[in-house]
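Colleague: Please take one part of this predicted model and go through it closely. Then place it beside the other local features worth checking.

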Amino acid sequence: GEEVVSIPDVRGEDADEAAGLLESLGFVVETINEPSNNVSAGLVIRTEPVTEAPSGSTVTLVVSSGPSDLVVVPYVYGEDVEDAVGILEEAGLNVNQVTPLSCERILQFSPDFDCDEFPDGGVVTSTLAWEYEVPSGSPIDITWYDDDL
């Protein structure tokens, strides 16, 4: 049968040094990059497989490309507008326009909107899709329901 070789733990090592070590053990090394907020750019996050593989087989080095510059747009539909602005800014977004809308205006684009049930001051829409990844610092505009309009 094939000789099974242990894969050394190279997490946190320089990617080039780790690749050299694995190649010296008879592995074919493939490198892929992955963002990491915990592992510095250029260092190994993990190997795939982790512990052992047949001699001559491919070991993938997963290498940090540095911190992710993407943030997830928080779902703030229905949240109080002031709370929502804080949540969006804390997530790394740049809140620009914050526009109040009347029930009549909201019903023009959302005919099923329930003005009696929806909280006054609650966020209705945003220019970015909820729970999607966008670049950190992206501008976002939100609208909110104002039953005094």
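**The disulfide, the mixed sheet and their surroundings**

Modeller: The link of Cys103 and Cys115 is right-handed, with 75° about the S-S bond. Their sulfur atoms lie 1.5 Å apart, and a disulfide here is a pair of cysteine sulfur atoms within 2.5 Å. By this rule the count is one disulfide. The pair links distant parts of the chain, twelve residues apart: Cys103 belongs to helix α3 (residues 103-109), while Cys115 is in the loop between α3 and β8 (123-126). Helices (H or I, at least four residues) and strands (E, at least two) are DSSP runs, numbered from the N terminus. Both Cys103 and Cys115 are buried, where buried means under 20% relative accessible area, exposed over 50%, and partly exposed in between (1.4 Å probe, protein chains only).

The ground rules are these. The model is predicted, and local features need pLDDT of at least 70, side-chain atom pairs count only at pLDDT 80 or more, and totals for chains, interfaces and linings use all residues. Residues are numbered from 1 along each chain as its sequence is written, and side-chain values use heavy atoms, with hydrogens and water left out.

Three strands form an open sheet in the order β2-β5-β3, with mixed pairing; two strands pair if DSSP finds at least two bridges between them. β2 and β3 stand at the edges with a single partner strand each, so one side of each has no neighbour in the sheet. Direction ignored, neighbouring strands of this sheet are turned by 25° against each other on average. Axes are lines fitted to C-alpha atoms, for helices over the stretch in contact, and angles run from 0 to 180 degrees between N-to-C directions.

The two pairings of β5 can be taken in turn. Strand β2 (residues 28-34) runs parallel to β5 over seven bridges, and in that pairing Ile32 stands opposite Val62. The pairing of β3 with β5 is antiparallel, over four bridges. There, Thr47 has Leu61 of β5 as its bridge partner, and Val44 has Val63 of β5. Helix α1 (residues 15-24) packs on the sheet and touches β2, β3 and β5, its direction making about 170° with that of β5.

Six of the seven residues of β5 are buried, so the strand is largely enclosed by the rest of the structure. Thr60 lies in β5 (residues 58-64) and counts as buried, because its relative accessibility is 12%. Apart from neighbours within four places in sequence, Thr60 is in contact with Glu30, Ile32, Arg46, Thr47 and Glu48, contact meaning heavy atoms within 4.5 Å. Pro49 is in the loop between β3 (44-48) and β4 (52-54).

Next comes helix α2. The buried residues of α2 (residues 81-90) are Val81, Ala84, Val85 and Leu88. They cover an arc of only 100° around the axis, which puts them on the same side of α2; the arc is that of the directions from the helix axis to the C-beta atoms. These buried residues pack against β7, β8 and β10 (139-145), whereas the face turned away from them carries the exposed residues Glu82 and Glu90. At the start of α2, a side-chain oxygen of Asp80 comes to within 3.1 Å of the backbone nitrogen of Glu82. Gly92, with a positive phi near 105°, follows the helix.

Thr99 is in β7 (residues 94-101), one of the strands against which α2 packs. Thr99 is partly exposed, with a relative accessible area of 31%. Leaving aside neighbours within four places in sequence, its contacts are Ile142, Thr143 and Trp144. The C-alpha atoms of Thr99 and Tyr132 are separated by 22 Å, the two residues being 33 residues apart along the chain.

One backbone feature remains. Glu131 has a positive phi of about 65° although it is not a glycine. This residue sits in the loop between β8 and β9 (133-135) and is exposed, with a relative accessible area of 58%.

Notes. A polar contact is a pair of N or O atoms within 3.5 Å; within protein, one must be able to donate a hydrogen and the other to accept it, and residues adjacent in sequence count only if both atoms are side-chain atoms.
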